[in-house]
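The following questions and answers concern a single protein model. Please study the sequence and the structure before reading on.

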Amino acid sequence: MFIYLHGNVTSQQIQRVKDEAINAGFTQAFESKGQEIVVVNCIGAVPHERKLELQEFFMTLPGVSGTQLAKTPFRLTARGSHPENFSVALNGIKIGGKPIVVIAGPCAVESEAQILATAKAVKAAGASMLRGGAFKPRTSRFSFQGLGEDGLRLLALAREQTGLPVVTEVMSPDKIDLVCQYVDILQVGARNMKNYDLLKALGQVKKPVILKRGDSASINDLLLAAEYIVAEGNERVIICLRGVLGFDHDYTRNISDIDAIPVIKGLSHHPVIFDPSHATGNRDLIMPMALAAVAAGADGLMVEVHPKPATALSDGPQSLTPDMFVDLMRQVKRVAHAIGRLTPKNKE
Ligand code: PEP
Ligand code: MN
């Protein structure tokens, strides 16, 4: 059950609501403060009939403006617990604010020359952050697995030279400390969306997490996975859609789940970004799907860019050339303006 209080309530009034919730049989009562509203999120197996009685009771307490029964299986990531949009801020960039944030870079860090050339090109075109995998989850163990810690060092060097914050994937809890020494945002890949030990460990981290949707995970599964991170204390979770399994593999790698953008924006307060590279597997489809995602309300994009896609060690066919990325940024800007969002830029 969500209990809403006016933004100007006293801390004693909030505490009274929390105490009454625990007395009534809820096991937990979390508070979340917005500018105009405070929400007390009550969790626990209280019978439905009793909840209906309690809704009336809570309305009699000072400061309470409304109540609502939870309609979704996820709670901390539900919009009911945080009616205002939530944005993740980092180095003056806000994911989930008005500007569309574009994260761009190669699938994998391959060499100093490759990552520095990409970082400079995407920055010049207006990207806000650099991506690059150092630990790569590959279907085949014979495929390039990433440069490991050397790749992380190169990402840190690219940040030093361009000022762009860097994003990389972490695949297991034992690598979190290492990855945190070098990067600004940690990514959970589609294959690991249901690695609950990894998610819980990321809940302890003081850096934002980009959580990618598993290729056959439902929206409920995705928001329940995000809940594991938030429940451990790390609220700064960004949801990333990257297509779901389809059947038309001759033409597209996955099905672009564009409709999930407004669905998740309605269900949750967390920012949502879209990855048209993994969604399509085809660089020619990146532009239309990226524009559709922005038009549908995405807060940002994650796009693969490589200085020479034909030589890429992973995901070359779905990587843009730097020139194509310049063109993409130009069009993203036009769509963003058309729907009242701001131009992508490095700082707000
Ligand atoms: C990636 O971002 O390079 C990646 C491996 O993506 P996903 O986990 O969505 O397949
Ligand atoms: Mn990739």
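Q: Which residues are around ligand 1, and how many of them are charged?
A: This is a predicted model, in which local features need pLDDT of at least 70, side-chain atom pairs count only at pLDDT 80 or more, and totals for chains, interfaces and linings use all residues. Residues are numbered from 1 along each chain as written, chains are lettered from A and ligands numbered from 1 in the order written, and side-chain values use heavy atoms, without hydrogens and water. The residues around ligand 1 (a heavy atom within 4 Å) are C107, R131, K136, E169, Q187, G189, A190, R191, K212, R242, H278 and E304. With Asp, Glu, Lys and Arg counted as charged, Ala, Val, Leu, Ile, Met, Phe, Trp, Tyr, Cys and Pro as nonpolar, and the others, Gly among them, as polar, this shell has two nonpolar, three polar and seven charged residues.

Q: What distance separates an oxygen atom of ligand 1 from an N or O atom in the side chain of R242?
A: Polar contacts are pairs of N or O atoms within 3.5 Å. For K136, a side-chain N or O atom is 2.8 Å from an oxygen atom of ligand 1, and for Q187 the value is 2.9 Å. For R242, the distance is 2.7 Å.

Q: How much of the accessible area of ligand 1 does the protein cover?
A: Accessible area comes from the Shrake-Rupley method with a 1.4 Å probe. On its own, ligand 1 has 300 Å² of such area. The protein covers 97% of it.

Q: Which residue in β4 stands opposite Y4?
A: Strand β1 (residues 2-6) pairs with β4 in the antiparallel sense, over four bridges. Opposite Y4, β4 has G66.

Definitions and conventions
A polar contact is a pair of N or O atoms within 3.5 Å; within protein, one must be able to donate a hydrogen and the other to accept it, and residues adjacent in sequence count only if both atoms are side-chain atoms. Two strands pair if DSSP finds at least two bridges between them. Helices (H or I, at least four residues) and strands (E, at least two) are DSSP runs, numbered from the N terminus.
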